[in-house]
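Morning, everyone. Please look at the structure first.

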Amino acid sequence: MTELVFPAGFMWGTATAAHQVEGGNSNSDWWEWELRPGTPCKEPSGTAIDHYARYESDISMIAGLGFGTYRFSVEWARIEPTEGVFDEAQLEHYRSTVAAVRRCNLVPMVTLNHFTLPLWVAQKGSWLADETPRLFERYVRRVVEALGDSVDWYCTINEPGIVGIGGYLGMLGFPPGARGLSSWRRAADGLIAGHRRARAAVKELRPGAKVGQTHAMIEWESNAGGRPIMAFSRRIAEDVYLEASKEDDFIGVQTYTRVQLNLARPIGWLMRPVLAAGPLTRIMVSAMLSRTNLSTPPQPNPDDGVRRTQMGYEFRPQAVAATVRRVAELLPGKPIIVTEHGLATANDAERIEFISGGLAALHDVISDGIPLGGYIHWSAFDNFEWDRGYSMTFGLIGVDRATQERTVRPSARFLGEIARKNRLEVAGS
Ligand code: BGC
């Protein structure tokens, strides 16, 4: 056995997001989207895992396992249910959540926006509306004022890259269901402006707090033929937002898999006309960006030799190290935190394997001098996986939604022990 020791003060955590766990987020765009006929949603979020009511016991369960950080989001749709009207009871709810986190000796890391928008923001045009960044900033100010000095870590917008391609390019069936490059560009500008405004507001109100964005990133690999597509995909899904993170205090990296592009001929020069033209767009861009393997598209029982997770992604725990290395190249010296890494599986032994593989690769990254400061696993609990509903089991802790009973899985104890000891044991010398 070899012991891989992590640096002193390394942050160990697990995460959730409001809409995916709280339940009853009925004033949000996603709630409406889940119930709207014709959207690709498998099922509505409904009561989720009732974390809104059960947060205290859920948080103490996380703390009891050995974690030091809990990353969670506060819900704009609850806090500002109507334009300009802030609900003090909801702010109080999140103050109590933060207090519970701190009582358990966990560090709260608060995401200010994790995919969902209030319905009234959606009615104005979501991230396409000129006003949205300013309205987001106003909400952020209220949250930061309400939470005061009890929160030192803020993530502004979760995975703007996924929001952009998912809801505005027409890739992932996310609300508002816009399609095409021009709506994508507009939304990207809105998301970037929203991030910048939120960061400035947090820094003004709480100069000591650390603020960053969390970025969905893929380990891309390509032969010469696929390189233009790889560059284009990275640009629209990752790099435009990473560039907007240059002034951030830390970069949140969230990686689930690798995509390999093996194309006979370069077709990058086709991208612009194809995107403008339409019908091919979905096929090509979804192949590029669905976080799957273009040469081996996901099937229920693929006979392609590629090991896959429930999501259809390649099982590739070490992909996260590749993306952290890429961030370190693009933004040298910038502190990095893995703010999400995990997999959907029915076999918890696979989760243990995934965690150890990912952490061993991240340990190498740290040994190479890259300033990686923490690892936050997605997710603390089985939860609502957006358009895929409850069929994807990402949790360290399982949840029976009929009874809302929680079951701590062996992987939760495994990662909790690593967190407690600040080291991972791996086979070999
Ligand atoms: C998101 C989560 C999601 C997870 C697993 C990330 O894209 O931040 O909300 O559940 O990946 O797909």
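Start with Tyr-256 and Phe-394: both are buried, meaning under 20% relative accessible area, with exposed over 50% and partly exposed in between, for a 1.4 Å probe and protein chains only. The model is predicted, so local features need pLDDT of at least 70 and side-chain atom pairs pLDDT 80 or more, while totals for chains, interfaces and linings use all residues. Residues are numbered from 1 along each chain as its sequence is written, and side-chain values use heavy atoms, without hydrogens and water.

Now the rings. The whole structure holds 19 aromatic pairs. Rings of Phe, Tyr and Trp (its six-membered ring) pair with centres within 6.5 Å; planes under 30 degrees apart are stacked, over 60 edge-to-face, the rest tilted. Tyr-256 and Phe-394 make an edge-to-face pair, 5.9 Å centre to centre, with 90° between the planes. Ring pairs also link Trp-30, Phe-115, Phe-174, Phe-384, Trp-386 and Tyr-390 into a cluster.

Next, charges over rings. That takes NZ of Lys or CZ of Arg within 6 Å of the ring centre and within 35 degrees of the ring normal. Arg-401 puts its charged end over Tyr-390, 3.6 Å from the ring centre. Arg-406 lies over the face of Phe-381, at 5.5 Å from the ring centre.

Last, Arg-351. Is Arg-351 buried or exposed? Buried, with a relative accessible area of 0%. Leaving out residues up to four places away in sequence, Arg-351 touches several residues (heavy atoms within 4.5 Å). Among them are His-377, Thr-393, Phe-394 and Arg-409. A polar atom of the Arg-351 side chain lies 3.4 Å from the backbone oxygen of Thr-393.

How values were computed. A polar contact is a pair of N or O atoms within 3.5 Å; within protein, one must be able to donate a hydrogen and the other to accept it, and residues adjacent in sequence count only if both atoms are side-chain atoms.
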